[in-house]
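Biologist: I would like to learn how to read a protein model. Can we go through it feature by feature?

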Amino acid sequence: MKLTLRVWRQKNADAEGAMSTYEVDGISSDMSFLEMLDTLNEELILRGEDPVAFDHDCREGICGACSLVINGDAHGPERTTTCQLHMRSFKDGDTIDIEPWRASAFPVIKDLVVDRSAFDRIIQAGGYITAPTGAAPEAHATPVPKPDADFAFEHAECIGCGACVAACPNGAAMLFTSAKVNHLNVLPQGAPERETRVLDMVAQMDEEGFGGCTLAGECATACPKGIPLVSITSMNKEWLRATRKVAKR
Amino acid sequence: MTYVDYTTGSALTDGKAPSGPINERWDKRRFEAKLVNPANRRKHTVIVVGTGLAGGSAGATLAEQGYHVVQFCYQDSPRRAHSIAAQGGINAAKNYRNDGDSVHRLFYDTVKGGDFRARESNVHRLAQISVEIIDQCVAQGVPFAREYGGLLDTRSFGGVQVSRTFYARGQTGQQLLLGAYQALSRQIAAGNIEMHPRSEMLDLIVVDGRARGIVARDLVTGKISTYFADAVVLASGGYGNVFYLSTNAMNSNATAIWRAHRRGAWFANPCFTQIHPTCIPRTGDHQSKLTLMSESLRNDGRIWVPKAKGDDRPPNKIPEDERDYYLERIYPSFGNLVPRDIASRAAKNVCDEGRGVGPGGQGVYLDFADAIKRMGRKAVEAKYGNLFDMYARITDEDPYQVPMRIYPAVHYTMGGLWVDYDLQTTVPGLFAIGEANFSDHGANRLGASALMQGLADGYFVLPATINDYLARNPNQSEVSAEHPVVQEVLAETEDRLNLLLAVDGDRTPDSFHREVGELMWEFCGMARTDAGLRKALERIPQIREEFWRRIKVPGTGEEFNQSLEKANRVVDYLELAELMCLDALHRAESCGGHFREESQTPDGEAARRDEEFAYAAAWEFTSTGSSPVLHKEDLVFEYVHPTQRSYA
């Protein structure tokens with residue numbers, strides 16, 4: 001395949017960015033999208049040009065590092081991560097637009113690389129269960145009903161890639177935050193911090209400059225792990241419950 | 001003197017391993033270890049490099065204990081370390097199944113699975129701690145698979161006959177890592193951990209014979225800085241990426257451990273690499289990495305190739321009696337669940353015979369037709385759904401309809417920095433945990449044991465043993481950036497990066513990485529020979545020389561520069577590869593994942609030579625390209641008597 005790529009190039013956080021056009025040839029349909037970009041970068045290096053910077057690591061869809069907006073869609077046309085997108089989803093002669101995540105809470109570092117440390121700070125605000133090493137009771141002391149365990153797992157699958165934010169017209173981080181709130185709040189081990197967790201995480205989310213949720217639903221459509229939109233509703237319920245409970249104290 | 005003419009130095013002993021009955025040794029060591037008064041702990045700084053299962057759990061636990069932790073990872077977030085990609089599960093001797101499991105059996109299986117090249121004391125401790133890990137992770141909210149009664153589910157893994165593997169669908173590593181990451185996050189928020197993401201360790205600072213800090217580069221600004229501490233912990237993972245194609249993450253690298261090795265930490269058993277039997281075969285030269293399909297698939301999938309050579313009919317057109325379910329045939333009692341080294345070699349053998357399937361004949365079938373017939377598609381989906389989806393996405397084939405095609409790929413490295421029972425390297429104050437050390441898996445790691453070891457080291461072992469070191473060295477002298485040793489290490493690092501930028505040649509870092517990787521796969525991969533290893537040892541210095549003549553790295557060092565990061569990692573691969581080949585050459589026996597064609601039984605199994613090689617080989621660095629010094633640590637087996645491993 002021969003393709004035309006229009007790629008966002010930006011030297012650093014302070015520089016102005018712009019789309020640059022490149023041609024790539026000899027692309028096989030078995031290549032992953034990132035392997036196609038590798039091909040471009042190898043050529044750029046030999047031509048003495050700066051290769052396109054992009055985040056990537058595991059290349060098997062689980063680390064959450066890769067983060068490209070492809071033809072306007074976070075992670076591209078398939079419901080998966082960019083690294084698991086293959087070139088068979090494109091046709092010979094296609095023109096492909098490649099941009100970084102666009103959100104004010106995710107500033108661009110270089111080219112297609114953005115700063116997602118806001119997500120780490122949301123987790124630091126309460127996305128954990130306080131269980132210092134060594135203090136744990138025997139694992140079978142507290143059975144967890146299978147439906148609750150499955151619910152927790154479905155939300156714990158979030159890979160923290162940020163596609164939800166990139167896809168959201170408001171740049172909201174509600175799906176990311178709700179995934180962690182729901183994972184931990186449904187478990188008996190998470191119950192003692194149930195209220196502070198949701199209140200603190202939501203407060204941090206707001207502080208980071210993420211937008212508000214208008215239930216556009218783009219986040220859940222873009223999520224490569226299928227975190228459902230209803231996850232946000234569950235978090236709102238948790239938040240309301242916590243607000244009332246804390247007010248009573 | 002050429003590189004292969006290594007000298008043998010003094011014997012090496014593990015000075016920290018307690019004596020006495022094996023099940024009391026860990027208690028005894030913990031009791032004998034000196035403690036640091038809780039009020040004094042905040043005066044001690046500990047550097048932790050890496051945030052995978054070992055580093056994440058160690059950082060969190062040390063901070064909980066009151067130490068000041070300064071932690072580094074090259075990823076943009078500590079949550080992305082490659083432990084996250086572990087699929088299958090984590091072993092623990094809980095015996096919830098009442099199927100005859102025990103701490104002793106897990107110990108026995110691990111020593112035997114490692115083909116009698118691991119230290120008994122360490123392995124026994126690992127088995128003991130395994131049960132606490134599950135408790136710890138459940139308390140953190142790790143959503144393990146559960147039965148309808150609300151209790152934890154388990155499954156079987158290769159090389160064992162009990163069901164002791166706890167799992168969270170096909171994402172066990174992810175869930176365990178997020179547990180550790182969340183514990184780490186709590187400590188970061190509490191101000192007990194100073195976290196440096198997007199920062200890569202480039203060298204170790206050793207002052208007066210003790211590890212006192214590191215040199216690290218901020219990958220965003222390019223700024224190179226020094227950091228100081230009372231002890232340094234390396235949790236930077238394994239070195240499988242030396243092969244270019246492996247199941248490791250693209251940026252996983254050997255720089256931290258290799259630089260530590262150059263500064264005096266001996267490197268043990270570098271040739272012990274694990275080739276995982278069930279990976280998706282490569283499709284072409286563009287391939288940047290390989291993807292593993294969890295070993296758990298071997299619980300229900302059946303592995304086969306056609307009986308006839310060159311049979312290119314589609315799999316469903318090959319009748320049952322013309323298929324060779326070769327693992328079930330050769331190893332009737334373990335069948336498809338033989339250990340990884342054995343399954344990989346068997347796959348290579350049938351492909352070498354010309355019976356491989358798929359492009360280039362580099363593949364074997366992993367077939368679920370019987371499982372779907374027996375359990376129904378729904379049950380198969382529930383158990384392996386995400387793995388099947390992943391396979392379909394990569395290969396564009398539906399594994400519910402046609403058998404998967406799999407082939408072995410580099411996955412894990414059992415070798416690593418030599419450590420004593422306390423996980424301390426030969427540099428005082430430098431500790432190595434998780435895959436970065438060599439200690440627990442011998443010559444072959446059993447499935448679902450990497451997660452167990454990473455978390456055992458980080459949550460339980462290191463936090464106990466590092467106390468002893470810090471308590472015995474309470475008032476170390478101040479080290480600052482002005483110290484001449486620090487200035488020298490810093491200057492060396494800067495010079496190296498500047499040189500990489502200055503060569504301005506005509507080859508990319510990836511092209512060199514690929515070249516050395518292919519060489520290693522050919523001569524130091526699944527089967528090794530004296531002649532082949534010598535050939536590789538001749539070729540590696542030539543590639544290294546060419547590298548420094550022809551490397552091209554665009555841009556500058558004062559910016560985000562992924563080519564520079566890569567080139568610097570390749571520098572270290574080009575030295576490490578040489579040591580791996582030398583170690584493989586010197587170990588003229590077969591054991592576990594190390595198969596020397598000259599040393600096999602009449603039926604083609606690995607033949608150990610215990611009288612000559614029952615030791616861990618720890619190599620001492622001299623200088624680049626000069627032969628290293630070999631130190632042997634004799635392995636003593638008091639509890640599990642070495643036998644020819646039999647899985648038939």
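Biologist: How do I read the crossing of α2 of chain A and α6(B)?

Modeller: Start with the general idea. Two packed helices are described by the angle between their axes and the distance between the axes. Now the case here, in a predicted model. Helix α2 of chain A covers residues 117-124. Its axis and that of α6(B) come within 8 Å. They cross at roughly 85°.

Biologist: How should I describe that angle in words?

Modeller: Angles of 65 to 115 degrees count as roughly perpendicular. Therefore α2(A) and α6(B) are roughly perpendicular to each other.

Biologist: Which residues of α2(A) and α6(B) meet?

Modeller: From α2(A) come Asp120(A), Ile123(A) and Gln124(A). In α6(B) they meet Gln182(B), Ser185(B), Ile188(B) and Ala189(B). Sorted by class, this contact has three nonpolar, three polar and one charged residues.

Biologist: Now the whole contact between the chains. How many residues does each chain give?

Modeller: Chain B gives 61 residues and chain A gives 65 residues. On the side of chain B, look for elements that give two or more residues. They are α3 (53-65), α5 (120-140), α6 (172-189), α11 (377-395) and α16 (562-586) of chain B. The largest share on that side is nine residues, from α6(B). By class, the side of chain B that touches chain A has 21 nonpolar, 24 polar and 16 charged residues.

Biologist: Next, sheets. How do I read one?

Modeller: Strands of a sheet pair through backbone hydrogen bonds, either parallel or antiparallel. Look at chain B. Three of its strands form an open sheet in the order β8-β9-β10, and the pairing is antiparallel.

Biologist: Which strands lie at the edges of this sheet?

Modeller: β8 (199-207) and β10 (224-228) of chain B do, and each pairs on one side only. Ignoring direction, neighbouring strands of this sheet are turned by 30° against each other on average. Strand β9 of chain B, residues 210-218, is joined to β10(B) by five bridges. One residue pair to find is Ile214(B) with its bridge partner Tyr227(B) in β10(B).

Biologist: Which helix packs on this sheet?

Modeller: That is α13 of chain B, residues 484-503. This helix touches β8, β9 and β10 of chain B. Its direction makes about 145° with that of β8(B).

Biologist: Let me try another sheet. What is the strand order in the open sheet of five strands in chain B?

Modeller: The order is β13-β17-β16-β14-β15, with antiparallel pairing. The edge strands are β13 (273-279) and β15 (323-324) of chain B. Helix α9 of chain B, residues 340-352, packs on this sheet. Among the strands that α9 touches are β13 and β14 of chain B. The direction of α9 makes about 65° with that of β13(B). Strand β14 of chain B, residues 302-306, pairs with β15(B) over two bridges. There, Val305(B) has Asp324(B) as its bridge partner.

Biologist: Back to chain A. How is chain A divided?

Modeller: Into domain 1 (3-110) and domain 2 (116-248). The centres of these domains of chain A, taken over C-alpha atoms, are 29 Å apart. Their contact takes 18 residues from domain 1 and 16 residues from domain 2.

Biologist: And chain A as a whole?

Modeller: Chain A has eight helices and seven strands. Its C-alpha trace spans about 65 × 35 × 35 Å along its principal axes. Of its 249 residues, 51% count as buried.

Terms used:
Residues numbered from 1 in each chain as written. Chains lettered and ligands numbered in written order. Predicted model: local features only at pLDDT ≥ 70, side-chain atom pairs only at ≥ 80, totals over all residues. Pairing = 2+ DSSP bridges. Helix = DSSP H or I, 4+ residues; strand = E, 2+ residues; numbered from the N terminus. Contact = placed C-beta atoms within 7 Å. Axes fitted to C-alpha atoms, helices over the stretch in contact; angles between N-to-C directions. Buried ≥ 20, exposed ≤ 12 C-beta atoms within 10 Å, placed from the backbone. Nonpolar A, V, L, I, M, F, W, Y, C, P; charged D, E, K, R; others polar. Parallel < 35°, antiparallel > 145°, perpendicular 65-115°, else oblique. Domains from an automatic or database assignment.
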